[in-house]
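Trainee: I would like to learn how to read helix packing, a sheet and salt bridges from a model. Please take me through them one at a time.

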Amino acid sequence: MIPLRIKVEANADQPFVVRLRSLEADGREPKTEQVSPFDVVLDRIGPEGAHYVGEGGPIRILGIDPAKVDGYVLLVNPRRGTADRLIRSSSQHNTFLVTERCDQVCLMCSQPPKRHHVDLFPYFETAALLAPEGATIGISGGEPTLFKGELFDFLQRVLSARPDLSFHVLTNGQHFGEGDREVMSRIDRGRVVWGIPLYSRDAAVHDEIVAKAGAHEQLLENLALMCRLGAQVELRTVLMRPNTDGLPKLASFIAATLPFIRTWAIMQMENIGFGRMNWKRLFYDNSEGFDIVGRSIDLVRSRGIDAWLYNFPLCTVPEPYRGLAPATISDWKRAYRDECNGCSVKDRCGGFFEWHPANHGYSKLGAIQ
Ligand code: SF4
């Protein structure tokens, strides 16, 4: 695994995208059709780094094992001497962080918003076109639809050029409008899932969590629009003390009013960003009180709507619901605790985010025999 940001040396002024190829190092001859103009092929490995050559010239990459990064796509910033990892070829799920701006300030936000924005869509487009066959690419922020013109164009172009790819876009759902009908109808609806958070049936609770007056009303209006457009929606609800009591009411509302959604994901908090700052006030220990979560899941599932538990350690979930708790924490940011040693379900448990503190907050946690 290479880190998100690595050191490089390249003789260029402007940022550029490259895909690392190690074919020759493996003893395989690169086939001509396999090498794109964005590929750089491993030439040699020395004490001073791995040397790659390509149409744009040589680059040198420091601190990585080339054998482990064949097919990785990087955004190289030669002036800074760094490269950001955009695509891991070994993963079918890569995410582009397209902006750090957002119009909400959610209490548990793991990526607190920043004012600064640089448009990297052209680089993301190049990277997406170099993604492995059949990949799903995540789009996140910040709030990606603050730049919805660029986003819609990006989706349309990549989906047209790569019929095998699909996207999962995280959005607060605040910025869609009737005016988007035409452009959205040109995007292949079957290959884009919109992950949209709804925290409560109660508008005051939702608005307080996202720190934006009127957000709930706007969201419901836009969810109706998404329904009319035939968009695939994954509704997301982060489980927190302020909204846990209202979870069954939200489940009833989803079953009665939003049956068109593709899935409902109840998510555990991430201990980073504002989530870490507000942890003591917000974290709900489901290992102590799963009943209210279980009842809410049962309710929507009884109406034919899929419901899932994201970021839940399996031992904090009663056995009948463990099949609904996939390992959603990506392997590169996943960690386990001492308690996990010898656990019989470790290979299918997502564990914890790497940055989760040792005093984990779950009162009941331990290896399942
Ligand atoms: S003990 Fe660890 S590996 Fe086992 S279920 Fe709990 S968190 Fe997952």
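**Helix pairs, sheet and salt bridges**

Mentor: Helix H1 (residues 121-129) and H2 have axes that come within 10 Å and cross at roughly 20°. Helices (H or I, at least four residues) and strands (E, at least two) are DSSP runs, numbered from the N terminus. Axes are lines fitted to C-alpha atoms, for helices over the stretch in contact, and angles run from 0 to 180 degrees between N-to-C directions. This is a predicted model, in which local features need pLDDT of at least 70 and side-chain atom pairs count only at pLDDT 80 or more, while totals for chains, interfaces and linings use all residues. Residues are numbered from 1 along each chain as its sequence is written, and side-chain values use heavy atoms, with hydrogens and water left out.

Trainee: Is H1 roughly parallel or roughly perpendicular to H2?

Mentor: Angles under 35 degrees count as roughly parallel, over 145 as roughly antiparallel, 65 to 115 as roughly perpendicular and the rest as oblique. H1 is therefore roughly parallel to H2. On the H1 side, the contact (heavy atoms within 4.5 Å) is made by Phe 121, Phe 124, Glu 125, Ala 128 and Leu 129. H2 contributes Glu 150, Leu 151, Phe 154, Arg 157, Val 158 and Ala 161.

Trainee: What axis distance and crossing angle do helix H4 and helix H5 have?

Mentor: The axes of H4 (residues 203-210) and H5 (residues 215-229) come within 8 Å and cross at roughly 105°. These two helices are therefore roughly perpendicular to each other. Ala 203, His 206, Asp 207 and Val 210 of H4 meet Ala 215, His 216 and Leu 219 of H5.

Trainee: How many strands form the open sheet, and in what order?

Mentor: Strands of a sheet pair through backbone hydrogen bonds, either parallel or antiparallel. Two strands pair if DSSP finds at least two bridges between them. Here 7 strands form an open sheet with parallel pairing, in the order E8-E9-E10-E11-E12-E13-E14. Strand E8 (93-97) and strand E14 (306-310) are at the edges with a single partner strand each, so one side of each has no neighbour in the sheet. Strand E9 (residues 136-140) is joined to strand E10 (residues 166-170) by 4 bridges, and Ile 139 stands opposite Val 169 in E10.

Trainee: How many salt bridges are there?

Mentor: A salt bridge is a side-chain nitrogen of Lys or Arg within 4 Å of a carboxyl oxygen of Asp or Glu. The count by this rule is 20 salt bridges. One of them joins Asp 39 to Arg 21, with the closest N and O atoms 3.3 Å apart. Asp 39 lies in strand E3 (residues 39-46) and Arg 21 in strand E2 (residues 16-21), 18 residues apart.
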